[in-house]
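Here is a friendly walk through a protein model. Have the sequence and the 3D view open, and look for each part as it comes up.

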Amino acid sequence: VNWTHVTIIVPHAHVSLARQLAAAAADSGVGMFLTGLSASGAEPATHWISSGLIQQEFADLLKDPQAVADLAQGQVPLSAVQAMLTASVIREGENPHDVISECGLALIGEPL
Amino acid sequence: MAAGSSCAAHGNSPRSLFVNGEQGAWFDASDMSTMYQDSAGTTPVTAVGQPVGLMLDKRLGAVRGAVVNTTTSVNGVAIGGPLTTAYSIGGSITINEVYEIQFTVSDYAGTGTLGFGSSSFASANVSANGTYRYILPAVSTRVPALFTRDTNTANFSNISIRPLPGNHRTQATAASRPTLRQDASGYYYLEYDGIDDSMATGSVDFSGMDKMTVFAGINKASDAASGVVVELTTTSSATAGSFGLFAPVTAAANYQYRSGGTIPAVGAQSPASYAAPISNVLTGQSDIAGDSVTLRVNGSQVASSAGDQGTGNFANSVLYFGRRGGSTLPFNGREYQTIIRGAATDATTIQRAERFVGSRMGISL
C-alpha cells in the first residue's frame with residue numbers, strides 16, 4: 001500500500017458532501033471530517049479537518065473533480081464537487097498544525 | 001537494552017502483570033509483529049512511516065489459539081448465481097471475541113466477489129486467487145461460512161479460524177490512524193498528530209474491580225490543549241467507573257490521572273513543570289473504595305488525591321487512546337508503551353514495570 005500524508009480542511013457548508021464522498025471512496029474514508037475548527041477555537045465549527053495517511057490513489061482522486069463526482073454515481077453534480085474542492089484546503093506532506101494556523105483557524109476545544 | 005529487543009522471560013515482561021487473569025491491555029510499539037496497517041488485519045506493518053489500524057494487545061501474548069473450524073477446504077465451489085451460496089465450514093465462535101481468519105483461494109473464475117462470514121464476521125470479500133488473512137471480532141455466534149455470489153467459481157483451502165484473545169485496538173478511518181515512527185535513539189513509537197488520530201478497543205470488562213494501574217511511556221509534543229493518552233468510557237468527566245490519563249490537562253505543562261466511581265473525575269494533577277516537548281514514564285493508580293488517586297512521573301510520585309470517588313467498580317466500556325471518545329481532546333505526541341492493569345499493584349512491581357517502559361524509550365529508572 002502506498003500512503004501519503006494529506007491535510008484537508010473543508011468549510012462547514014461543504015462538509016456533508018465531503019463526508020459522503022469520502023465514505024463512498026473507501027470504507028476507510030468513513031469517519032473523516034469530524035474534527036471541528038473555528039477562528040476562535042470555540043463552537044460552532046466553521047470548518048472541519050482530516051489529517052493523516054491516506055492511500056495515494058485516494059489523494060490522486062482529489063485532483064480530479066470528475067473522478068470524485070463519479071464516486072456519487074450521478075447523485076451529485078460535478079459543479080458541487082468543484083465548489084467543494086475549490087473552497088477546501090488540501091495539502092500533502094505538511095504539518096497539519098501549521099496548515100490550521102495558516103488558515104487562521106484553531107481546533108475546537110472541549111472542557112475537560 | 002537495545003531498542004526493540006525482547007525480554008527473555010515473562011518475569012521481566014509486562015505479561016507478568018497479568019498472570020493471575022487480571023483484566024487490561026498492553027500495547028508495545030517496539031513489537032512490529034503486533035501491528036497492521038488496516039483495521040481488519042489484512043496488511044502487516046513492515047516499516048516505520050506506515051499507519052497502524054490494528055494493534056494487538058500483548059497482555060495474553062497475542063497468541064493464536066487452536067483452529068475452531070471443522071472443514072479446512074471447499075473445492076469446486078459452484079457458481080453462486082445472483083444470490084449468495086454459502087458453504088459452512090463448521091465450528092463455533094463466541095460473539096465479540098477476536099479471531100484470525102485465513103484461507104487460500106485458487107482457481108478463481110468468473111466475476112464478482114467471494115466472501116467469508118455469513119453474518120459471523122464483518123464482511124470480507126475477495127475477487128482473485130491468493131492467501132487472505134483477517135483479524136476480526138465475531139459479530140454473532142453463527143457458524144462461519146464461505147460464499148460465492150454473482151457468477152464465479154473457486155476452490156478454498158487452508159481455511160483456519162483461530163481465536164486471538166486480547167483487548168486489541170483499532171482505527172477504521174485511514175486518516176485517523178497513528179503512524180509508527182522511530183526516534184533518533186532507535187526506539188519505536190506511535191505518533192498521534194494532535195488532530196484526529198486515535199484508537200479504541202472493544203468493550204473491556206472492568207466491572208469486577210475498583211482498582212486500576214496505568215503505565216504509559218510517552219513524549220508530549222505540545223502543551224497547547226488537553227490531550228487524552230488513554231481514557232475508559234467516552235468521558236471520565238461525567239461517567240461513573242471511568243479513568244483517564246491526560247498529557248497535558250488544560251493548556252499547561254502538566255499531566256493528570258483521574259478516576260472515579262459514582263463520583264467521577266477525582267484527579268491527581270502534576271505540577272506544571274513538564275514543559276513539552278518532554279518524554280516521561282507516567283503511572284496512574286486508583287482505588288475507588290479507598291478514595292485514592294496517585295500519579296507518578298519517572299518513578300516518583302508527583303500528585304495524589306484522597307477525594308471521594310463514591311462507590312462502585314470500573315466500567316465495562318471502551319478504552320480510547322489519543323482522543324476522548326474517539327472525537328475530541330486529541331493527544332499530540334508519541335506513545336512508546338501503554339499498560340493498563342485492572343488491579344492494585346505493589347510498589348516493587350510498579351517499579352519493575354516503570355523500568356520496563358523506560359527501557360523502551362531511553363529513560364533509565
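In which loop of chain B is Pro248(B) found? Pro248(B) sits in the loop between β17 and β18 (256-260) of chain B.

## Before we start

This is a predicted model, in which local features need pLDDT of at least 70 and side-chain atom pairs count only at pLDDT 80 or more, while totals for chains, interfaces and linings use all residues. Residues are numbered from 1 along each chain as its sequence is written, chains are lettered from A and ligands numbered from 1 in the order in which they are written, and side-chain values use heavy atoms, with hydrogens and water left out.

Helices and strands here are DSSP runs, numbered from the N terminus (helices are H or I with at least four residues, strands are E with at least two). Two strands pair if DSSP finds at least two bridges between them.

A cis peptide bond joins Ala247(B) and Pro248(B), with omega about -5°. The bond from Ala276(B) to Pro277(B) is also cis, with omega near 0°. Pro277(B) belongs to the loop between β19 and β20 (278-287) of chain B.

Now find Asn158(B), in strand β10 (residues 145-163) of chain B. Asn158(B) is not a glycine, yet its phi is positive, at about 50°.

## The sheet of chain B

Chain B has an open sheet of nine strands, in the order β2-β3-β11-β14-β23-β16-β17-β18-β19, with antiparallel pairing. At its edges stand β2 (35-36) and β19 (266-269) of chain B, each with a single partner strand, so one side of each has no neighbour in the sheet. Inside this order, strand β16 (residues 228-232) and strand β17 (residues 242-246) of chain B pair in the antiparallel sense over four bridges. There, Leu232(B) stands opposite Phe243(B) in β17(B).

Another pair to find is strand β21 (residues 292-297) and strand β22 (residues 300-305) of chain B, antiparallel over five bridges. Arg296(B) has Gln301(B) in β22(B) as its bridge partner. Two residues lie between the strands of this hairpin, and Asn298(B) takes a positive phi near 50°.

## An aromatic pair

A pair of aromatic rings is described by the distance of the centres and the angle of the planes. In this report, rings of Phe, Tyr and Trp (its six-membered ring) pair if their centres lie within 6.5 Å; planes under 30 degrees apart count as stacked, over 60 as edge-to-face and the rest as tilted. Over all chains, the search finds eleven aromatic pairs. One of them is Trp26(B) with Phe356(B), edge-to-face at 5.7 Å centre to centre and 80° between the planes. The pair links distant parts of the chain, 330 residues apart: Trp26(B) is in strand β1 (residues 24-28) and Phe356(B) in helix α1 (residues 347-359) of chain B.

## The sheet of chain A

Chain A has an open sheet of five strands in the order β4-β1-β3-β2-β5, paired antiparallel. Here β4 (89-92) and β5 (106-107) of chain A are at the edges with a single partner strand each, so one side of each is left without a neighbour in the sheet. Strand β2 (residues 35-38) and strand β3 (residues 47-55) of chain A are joined by three bridges and run antiparallel. Gly36(A) stands opposite Trp48(A) in β3(A).

## Salt bridges

Side chains of opposite charge can pair when their charged atoms come close. The rule for a salt bridge asks for a side-chain nitrogen of Lys or Arg within 4 Å of a carboxyl oxygen of Asp or Glu. The count is 17 salt bridges over all chains. Among them is the one between Glu92(A) and Lys63(A) (3.3 Å, N to O). Glu92(A) lies in strand β4 of chain A and Lys63(A) in the loop between α2 (56-61) and α3 (65-71) of chain A, so the pair ties together parts that are 29 residues apart in sequence.

## Where the chains meet

With contact meaning heavy atoms within 4.5 Å, 28 residues of chain B are in contact with 20 residues of chain A. Across this interface the rule finds one salt bridge, formed by the side chains of Arg324(B) and Glu110(A) (3.3 Å, N to O).
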